[in-house]
Amino acid sequence: MQLRDFDADMFLRDVWQKKPLLIRNPWTVWSNPLDPDELAGLACEEDVEARLITQSRTAWKVEDGPFPETRFGRLNKKPWTLLVQAVDIHVPDVAALIEPFRFIPNWRIDDVMVSYATDGGGVGPHFDQYDVFLIQGLGKRRWQVGAACDFASELQPHDDLRLLAKFEAINEWILEPGDILYVPPRVAHNGIALGDDCMTYSIGFRAPSRGELIAHWCDHLLEEIQDDDRYADAHLQAQDNPGEISATAIAGLHEMITEKMLDRKAFARWFGQYNSMRKYPETDCQIDEPLQVEDVRACLDRHIPLCRNPASRFSFIRQGAHAVLLFVDGECFECNPDIAPFAEQLCVQGRFMVDADLGKLDSGIALITKLLNQGSLAFEEEEE
Ligand code: SIN
Ligand code: CO
């Protein structure tokens, strides 16, 4: 799916992370990919992250899902909104909304959140730490955007919501089905449903914080460091003042840290694995009975297409000119030049036929078998 009259290069140069942009219905034909009832159904499921925000004149109330099916029938006339995270994992037509935005790398994409609101409903004026494309799916919403915020921006006192204490709209638009509003990180925004049955699809991105990177990279380093990896000073010279920590000692100590911290090769491998972890890793995707290489070969011989698990995250890092490290769901696979093109293809397409030549390679079949057994790939089910 491509967007009409949308120039990705120009968007990245002039808009991305710089300013909000309204894109009036650029779809060839827009059709809302999910019914409100189906969204409500998802919000009742155990492994789905959902929130319900109800508004009264004075207070905002947040409830976490999963919700009992009766919950939505019991809501009164006051505005409310239901937010469901990572709907792309559950609904292929919602996952398809990400496709026009694939000019942004897989590793930066987080999920598609879907909201449903009644007249006047919304989540209030706020800012997010990530970029978002807000696609109006059904009904109308007034979107207002304000100034850029930061950690010092004053918030309303609330335990669960980070609502801005002061919000002044600089620009506003009424979005109708198919319209898209891009909002950069930290730009204040406020969306209010105009009428009932307002659905918005948020294509959300990831941007690791420096703190998160340092903390997790250090955790990883610590897993590998042995207790006997210690400061040593076989070169120690007699000191005039025993109180001095010499420049040589500081240099040696500092080196112990930087040597590990600055290992870019190890960092790349770790980051690829870390970032490719599934959004909900606790949801078990492994298949019950592991497939053997022979089973996989038989399916490939029957030309059965392979599909990526929509919950799986695929990315790669080049190793020299022809090899790659493939990262899938927190695992790293070293791919030699013979299977590297396949690894790259895996990162582009959600569904594909395996090339006959690759199907003959032991390393190719072995990789596919591992990915099938960890639940990142599946053979497409044959129609009866
Ligand atoms: C919404 O869909 O109501 C909220 C989306 C957002 O502001 O990020
Ligand atoms: Co937002």
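Student: Between which domains does the largest pocket lie?

Tutor: This is a predicted model, in which local features need pLDDT of at least 70, side-chain atom pairs count only at pLDDT 80 or more, and totals for chains, interfaces and linings use all residues. Residues are numbered from 1 along each chain as its sequence is written. A pocket is an open set of points on a 1 Å grid over the protein atoms alone, with protein on both sides within 12 Å along at least five of seven lines, and its lining residues have an atom within 4 Å of a point. Because two domains, whose bounds come from an automatic or database domain assignment, both give residues to the lining, the largest pocket lies between domain 1 (8-205) and domain 3 (293-379).

Student: Which strand supplies the largest share of the lining of the largest pocket?

Tutor: The lining of the largest pocket has 36 residues, with Ala95, Arg308, Asn309, Pro310 and Ala311 nearest the centre. Strands here are DSSP runs of E, at least two residues, numbered from the N terminus. The largest share, three residues, comes from strand 5.

Student: Which strand gives the largest share of the lining of the second largest pocket?

Tutor: That lining has 30 residues, and Arg51, Val123, His126, Asp128 and Tyr130 lie nearest the centre of the second largest pocket. Its largest share, six residues, is supplied by strand 9.

Student: How many disulfides does a search of the whole structure find?

Tutor: A disulfide is a pair of cysteine sulfur atoms within 2.5 Å. The sulfur of cysteine 285 is too far for a bond, because the closest cysteine sulfur, in cysteine 307, is 14 Å away. For the whole structure, the number of disulfides found is zero.

Methods:
Chains lettered and ligands numbered in written order. Heavy atoms only, no water. 1 Å grid on protein atoms, 1.4 Å probe; cavity = no way out; pocket = protein on both sides within 12 Å on 5 of 7 lines; lining within 4 Å. Helix = DSSP H or I, 4+ residues; strand = E, 2+ residues; numbered from the N terminus.
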